[in-house]
Amino acid sequence: MSDKRTSRQSRIRNFSIIAHIDHGKSTLADRILEATQALTKREMKDQTLDAMDLERERGITIKLNAVELAYKAPDGETYIFHLIDTPGHVDFSYEVSRSLAACEGALLVVDAAQGVEAQTLANVYLALENNLEIIPIINKIDLPNADPDRVKKEIEDVIGLDASDAVLASAKVGIGTEEILQQIIKKIPAPQGDPDAPLRALIFDSLYDSYRGVVVYIRIVDGTVRVGDRIQLMSNGKTFEVVEVGVSTPKIETREELSVGDVGFLTAAIKSVHDTRVGDTITGADRPASDPLPGYRRMNPMVYCGLYPIDTARYNDLREALGRLELNDAALQYEPETSEALGFGFRCGFLGLLHMDIVQERLEREFNIDLIATAPSVIYKVRLTDGSLVQVGNPSEMPERKFIEEVQEPFVKATIMTPNDYVGSIMELCQRKRGEFINMVYLDENRTNVIYDLPLSEIMYDFFDALKSSTKGYASLDYEMDGYRASDLVKMDILLNGEQVDALSVIVHKEFAYDRGKAIVEKLKELIPRQQFEVPIQAAIGQKVIARSTIKALRKNVLAKCYGGDVSRKRKLLEKQKEGKKRMKSVGRVDVPQEAFMAVFKMSQDD
Amino acid sequence: MIKGDELMTRGVYIHIPFCDHICYYCDFNKFFMKNQPVEAYLHALEREMAYYAGRGPAKTIYIGGGTPTALNDRQFEKMLRSVHRYFMHPGIEEFTVEANPESLTDEKLLLMKEFGVTRLSVGVQSFDDRLLKTIGRAHKASEARQSIERARQMGFENVTLDLMFALPGQTEQSLHETLEAALDLNTPHISVYSLQIEPKTIFFNRMKNGKLRLAGEDIEADMYGQIIFTLEKHGLYQYEISNFAKPGFEGRHNSLYWQNEEYYGIGAGAHGYVDGKRYVNAGPLKKYIQSVCDKGFSEKSSHKVTRQEQIEEEMFLGLRLMKGISKKRFQEKFNQSVDSIYRKQIDQLKTEGLLHEDGDRVALTKKGVFLGNNVFEAFLCS
């Protein structure tokens, strides 16, 4: 048995794919699945590993996926590949670090035309920190503007990897796949670890299944786990009896056991995902390991926003939906809150804006709840005059100014990789966003890394869009948290028809308050439809109004069209109008559409 | 339950879906005339007329399009002959035909006289040649004038003009001149429609590509006010949101829609309302012709109007008329009072200054006319 395990172990290769969004990661994964005949052509959908509709639509990977593939190599051996798919977006770098910890190697996919991007760089560094063997792949070589030689040089200059063996590939048309598989076998080491030692399995993901309980995704580092084994979670000491173990091929396949190097799942009638903390180590209850595996740090939410059902009667549905999402999304946090304008809802914490967007969309789509999201906010630390420190994640809860000694906001260290031509405009942009210049590194004759300290709240606004537009899309951004700093921040309130709307309050830098206020009232004027009466919109700091505009009264809303006898069409139009109003929130006497609550946020300050 | 005299409240609408050219704003069921099976269509139309005529006589006839006058004289005659054969009787209150100025020939006028047409609806849209071109009309203002003069010489007194406002590039001055020109022709009825951009029109595509400058609500409201003021000053009083007439010249057929009465819809894509059921005919010519061939009519889908819907429609159609709805008539029709259903809504709308109540009648106020959809919406219960 032990020999068999050892032989099997020597044929295992565990790897993930690192790539910037759009560089072709999921397509490459599809090619590998095809080449290993994990799926018949008929079963292949584009981007098979992206299981959620949302993932496929947006072309991004959100959740981790691990598949086991059998590859019959030309040398006659059959190798066992575990491909662990990773999200590419900066919001999910936490998930990336999890998947990398389950691998011995990584395929680095770089677009043959666009070259190395900042985000890729960040993930490559993560991989190098994890001692992963990296196989560079230059993808999309079939594109007319592909320049593999330049990109090779970039990989060597920028990342410092030897790119002489880099595979030239086009996952889309299937060039290079065989070569990639060969390099996986040759270059990525088989997992180390002792199949006879006490069990140590790293939890890298878990999700809740209503029939099987929590499904725990694990990488076996030492030992073996079998159906019927009693296991223990090393962080909390809880024990469970294993009901099933298996792998995804990507069809679910149950196995008798998982042994060293295996990447698969187990279920053990576990009721709550909170018991199976990602990063925890599973060991045998009867023969526990002495030390847990190094886990990973739990990510704290960076961004908070209020989520409210438009239909207040659906508060409980929303709570239930959040509870369901939380089962599969360890990073999501939420707690109840109340708004004068919006009623009962939840303050939710997210890893970043994309994460927020995705949660919101899943709530609307999968649970059919129409939502109002308030503008996202970072967490401010406020030192009060009495010396105490409070954290504020909801602008409307910012204490009155007279009680505030100092407000601190989170800063990030932002690394912007850009073609040299745009360095000037990037620096201008960063200055405008209250950035502090840190460093500039010339990567090669064409590209530069510009490093700035920036307030996270500025990054959250339109920074990314502004960056893309001022560099024709060439610059890429990566950032990491860089602690809190005191800033001259004030709360700006928005008044509609003379009434303060708490859900529209924002925290702004004093110096920019006037411009922001002006932009916000103008944007709201655009978004809020005319009412039967004139509606003044004001932005105020404390008692002082700093900007105002007015929504004119509705003047004509009647269908003066020749409709013949088509009454059902008239009816539909009226129904649509009525439905539209239902999707608005009545604040005071003013009907405010969903988007307006995001307006204070989703608006370019250069407007 | 329907008694003989109630049948006589029905109208008949006949659709001629052919055009020589397509106007940029039009989203009606219509086809370029060229290479279309016009003869087969007219044949099917006649069969469908026979089918509906068998379900009881009508009191108003309305032939619309498309462009009825796009038919050639022979086809036009054939069509009128069928209509005459199946629906003409001494009790007909109104027989309207829509006409475009460029194709309203003397021959057609004569034919219409011969077959008992009592009213002409001429698609003028504007008396500003530049605007006519902008919206894709094929005629010039002078042709419109001449066609109406000729119609009058042939003895058509009851003529109505269709005008449009809130057109791209239309100024208040241009609208003023159009209204003056229309009033000069001294027709007893004028309809005024605001431009609506509908999907599947040329304007819609231009708008999507950002190539169409629309008037905007304020200009639209100003123009609408200007229209009401000017026409009423000249004795054409507003009796419906879009319609103005000298006393006694209100359109009977259209009034029937607003009074929530029934009508046969005949022809491709036509809408009908018969025995409590609203239906729509197949739109594509081939489908229409085929299904009339197969079963004598061409209903594509239909919907039995529930009592609830009938009540809602009674309100949102009836309130389009300036005289509003009669509470007594409502009570008779539904055996239930308006107040028992809509008291709250009516009071709210009165508070908002959109409705007024005067004895038996509930009607739009001046402000309500401009914000009609806000009013109508309130009467949808679901």
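Predicted model: local features only at pLDDT ≥ 70, side-chain atom pairs only at ≥ 80, totals over all residues.

Me: How many bridges join E8 and E15 of chain A, and do they run parallel or antiparallel?
Reply: Five bridges, and the strands run antiparallel. For reference, E8 covers residues 213-222 and E15 covers residues 263-267.

Me: What's the strand order in the open sheet they belong to?
Reply: Going across, it's E11-E10-E16-E7-E8-E15-E12-E13 in chain A, eight strands with antiparallel pairing. The edges are E11 (239-241) and E13 (252-255), each of which pairs on one side only. On average, neighbouring strands there are turned by 40 degrees against each other, if you ignore direction.

Me: OK, E17 of chain A next. How many of its residues are buried?
Reply: Seven of its seven, over residues 303-309.

Me: Which residues sit on each side?
Reply: One side has A:Val303, A:Cys305, A:Leu307 and A:Pro309, and the other has A:Tyr304, A:Gly306 and A:Tyr308. Both faces are covered. In a regular strand, side chains alternate between the two faces of the sheet.

Me: Which strands is E17(A) joined to by bridges?
Reply: One is E19 (residues 343-350), through five bridges, running antiparallel. Another is E20 (residues 371-373), with three bridges, also antiparallel. For specific pairs, A:Tyr304 has A:Gly349 as its bridge partner in E19(A), while A:Pro309 has A:Leu371 in E20(A).

Me: Zooming out, how many helices and strands are in chain A?
Reply: 14 helices and 33 strands. The chain has 607 residues, and 48% of them count as buried. Taking contacts with a separation of 6 or more, 70% come from residues 24 or more positions apart.

Me: Where's A:Leu199?
Reply: A:Leu199 is in the loop between H7 (177-187) and E7 (200-209) of chain A.

Me: Why does A:Leu199 count as buried?
Reply: Because A:Leu199 has 28 C-beta neighbours inside 10 Å, and the cut-off for buried is 20 or more. Setting aside neighbours within four places in sequence, its contacts include A:Asp222, A:Gly223, A:Thr224 and A:Val225, plus A:Ile282, A:Thr283, A:Gly284 and A:Ala289.

Me: Staying in chain B, where is the kink in H14 centred?
Reply: On B:Lys344, with a kink of about 45 degrees in a helix that covers residues 338-351. The helix is followed by B:Gly353, whose phi is positive, near 75 degrees.

Me: What do the buried residues of H14(B) pack against?
Reply: Helices H12 (307-318), H13 (327-334) and H16 (372-378), along with strands E16 (355-358) and E17 (361-364), all of chain B. The buried ones are B:Val338, B:Tyr342, B:Ile346 and B:Leu349.

Me: How is chain B divided into domains?
Reply: Domain 1 is 11-258 and domain 2 is 307-377. Their C-alpha centres lie 29 Å apart. Each domain puts eight residues into the contact between them. On the domain 1 side, H9, E9 (237-240) and H10 (252-258) each give two or more residues, with E9(B) supplying the largest share, three.

Me: Last one: how many residues are in contact between the two chains?
Reply: 33 residues of chain B with 19 residues of chain A. Elements giving two or more residues to the chain B side include E8 (189-194), H9 (217-233) and H12. By class, that side has 16 nonpolar, 10 polar and seven charged residues.

Note on methods. Residues numbered from 1 in each chain as written. Chains lettered and ligands numbered in written order. Bend = angle between axes of the 7 residues up to and from the residue. Helix = DSSP H or I, 4+ residues; strand = E, 2+ residues; numbered from the N terminus. Buried ≥ 20, exposed ≤ 12 C-beta atoms within 10 Å, placed from the backbone. Contact = placed C-beta atoms within 7 Å. Nonpolar A, V, L, I, M, F, W, Y, C, P; charged D, E, K, R; others polar. Domains from an automatic or database assignment. Pairing = 2+ DSSP bridges. Axes fitted to C-alpha atoms, helices over the stretch in contact; angles between N-to-C directions.
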